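Open the model in your viewer and keep the selection tool at hand. The stops below go from one pair of residues to the whole chain and then along it.

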Amino acid sequence: MDIERTLVAVVNNQAQFDARLAGLQGLVGRIAEQQLRFVKDTGAFKQEITTVTLALARKQDAFEDEMRRIAEVQREGDERLNMLITIVDGLVRREKQ
């Protein structure tokens, strides 16, 4: 009789172990799927960041070019204004004499 109870207990323990093992295998499978999705999403996110960063760099370059162009136009305007001031100043001084 003790042998029968021992065998029943062993069989029950084995059944519980099998059930727990199946649950763990399912959990490991879900974790693996989530990890694969994470890696895929991370790769896509990395690609998007790269694309946006390159676009931003191009915009920055264009902005810097435009700022240089504006600075040059401003310098030319300053030179012309200075020449006009010199001419007007010369005319005003001549009239005073």
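In which element do aspartate 65 and arginine 68 both lie, and how many residues apart are they? Select the two: both are in helix H1, three residues apart, which is about one turn of the helix. The model is a predicted one. Aspartate 65 and arginine 68 form a salt bridge, and their closest N and O atoms are 2.5 Å apart. Aspartate 65 has a relative accessibility of 44%, so it counts as partly exposed.

**Whole chain**

Zoom out and colour by secondary structure. The protein has one helix and zero strands. Its radius of gyration is 41 Å, well over the 13 Å that the globule rule gives for 97 residues, so the protein is more spread out than a compact globule.

Next, show the surface. The accessible surface comes to about 9200 Å², and carbon and sulfur atoms account for 63% of it. Buried residues make up 0% of the 97 residues.

Now select the charged side chains. There are 15 positive and 16 negative ones, and the centres of the two sets lie 2 Å apart.

**Further salt bridges**

Side chains of opposite charge can pair when their charged atoms come close.

Select glutamate 66 and arginine 69. Their side chains meet in a salt bridge at 2.6 Å, N to O. About one helical turn separates the two, because they are three residues apart in helix H1. With 35% relative accessibility, glutamate 66 counts as partly exposed; arginine 69, with a relative accessible area of 46%, is also partly exposed.

Move on to glutamate 72 and arginine 75. Their salt bridge has its closest N and O atoms 2.9 Å apart. These residues are three apart in helix H1, and so are separated by about one helical turn. Glutamate 72 is partly exposed, with a relative accessible area of 35%, and arginine 75 is partly exposed at 44%.

**Nonpolar patch**

For the last stop, which residues make the nonpolar surface patch of about 410 Å²? Select Leu81, Leu84, Ile85, Val88 and Val92. Leucine 81 lies in helix H1, which covers residues 2-96. At 45% relative accessibility, leucine 81 counts as partly exposed, because that class lies between the 20% and 50% cut-offs.

Terms used:
Residues are numbered from 1 along each chain as its sequence is written. This is a predicted model: local features need pLDDT of at least 70, side-chain atom pairs count only at pLDDT 80 or more; totals for chains, interfaces and linings use all residues. Side-chain values use heavy atoms; hydrogens and water are left out. Helices (H or I, at least four residues) and strands (E, at least two) are DSSP runs, numbered from the N terminus. The radius of gyration is taken over C-alpha atoms; the globule rule is 2.2 Å times the number of residues to the power 0.38. Buried means under 20% relative accessible area, exposed over 50%, partly exposed in between (1.4 Å probe, protein chains only). Accessible areas come from the Shrake-Rupley method with a 1.4 Å probe; for residues, only the protein chains shown count as cover. Lys and Arg count as positive and Asp and Glu as negative; His and the chain ends are not counted. The place of a charge is taken as NZ of Lys, CZ of Arg, CG of Asp or CD of Glu. Patches are made of residues with over 30% relative accessible area and no salt bridge: like charges are joined within 9 Å, nonpolar side chains (Val, Leu, Ile, Met, Phe, Trp, Tyr) within 5 Å. A salt bridge is a side-chain nitrogen of Lys or Arg within 4 Å of a carboxyl oxygen of Asp or Glu.
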